[in-house]
Amino acid sequence: MPSYSELLAQKKSLDAQIAQAHKAESVQALATVHELIAEFGFTAQQVFPWKPAPKKVAAKYRDPDTGASWSGRGKPPQWIAGKDRAPFAIA
């Protein structure tokens, strides 16, 4: 049975081999991707589809009793519906 130090040396050697193989294969994979993109004329949106992040609207009104807030867009919540909005405005 190999000793602890021998096993650590083997592990270090294997880690180096793994890193080298990973680098070589990733270079080949990237070359393949570039070839396919050039061959088929893919765009970046087709290869890496993304949607823009929805813009979050800042709150304009806050209920002092519950701490709930409302941006002023859409249907007003019950705590402000039909009331004067000035006292609830966030300064």
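Buried here means under 20% relative accessible area, exposed means over 50%, and partly exposed is in between, with a 1.4 Å probe and protein chains only. The model is predicted: local features need pLDDT of at least 70, side-chain atom pairs count only at pLDDT 80 or more, and totals for chains, interfaces and linings use all residues. Residues are numbered from 1 along each chain as its sequence is written, and side-chain values use heavy atoms, with hydrogens and water left out.

**Stop 1: Ser71.** Select Ser71, in the segment after strand 2 (69–70); helices (H or I, at least four residues) and strands (E, at least two) are DSSP runs, numbered from the N terminus. Ser71 has a relative accessible area of 17%, so it is buried. Show what surrounds it: leaving aside neighbours within four places in sequence, Ser71 is in contact (heavy atoms within 4.5 Å) with Val57, Ala58, Ala59 and Lys60. A polar atom of the Ser71 side chain also lies 3.3 Å from the backbone nitrogen of Arg73.

**Stop 2: the core.** Now select Tyr61, Trp70, Trp79, Ile80 and Phe88, the five residues of the largest nonpolar core. Such a core is a set of buried Ala, Val, Leu, Ile, Met, Phe, Trp, Tyr and Cys residues joined through side-chain atoms within 4.5 Å. In soluble globular proteins, nonpolar side chains tend to be buried together. Centre on Trp79: beyond its neighbours within four places in sequence, its contacts include Tyr61, Trp70 and Phe88, along with Arg62, Asp63, Ala68 and Ser69.

**Stop 3: Pro77.** Pro77 is also in the segment after strand 2. Its relative accessibility is 21%, so Pro77 counts as partly exposed.

**Stop 4: helix 1.** Go to helix 1 (residues 4–40) and select Lys11 and Asp15, four residues apart, about one turn of the helix. They form a salt bridge, with the closest N and O atoms 3.1 Å apart. The term requires a side-chain nitrogen of Lys or Arg within 4 Å of a carboxyl oxygen of Asp or Glu, and the structure holds one such bridge. Asp15 is partly exposed, because its relative accessibility is 38%.

**Stop 5: a surface patch.** Finally, select Leu36, Phe40, Phe42, Val47, Phe48 and Trp50, which make a nonpolar surface patch of about 640 Å². Within it, Phe48 sits in the loop between helix 2 (44–47) and strand 1 (61–62). Phe48 is exposed, because its relative accessible area is 59%. Patch residues have over 30% relative accessible area and no salt bridge; nonpolar side chains (Val, Leu, Ile, Met, Phe, Trp, Tyr) are joined within 5 Å, like charges within 9 Å. Accessible areas come from the Shrake-Rupley method with a 1.4 Å probe; for residues, only the protein chains shown count as cover.

Key: Polar contact = N/O pair within 3.5 Å; in protein donor to acceptor, adjacent residues only side chain to side chain.
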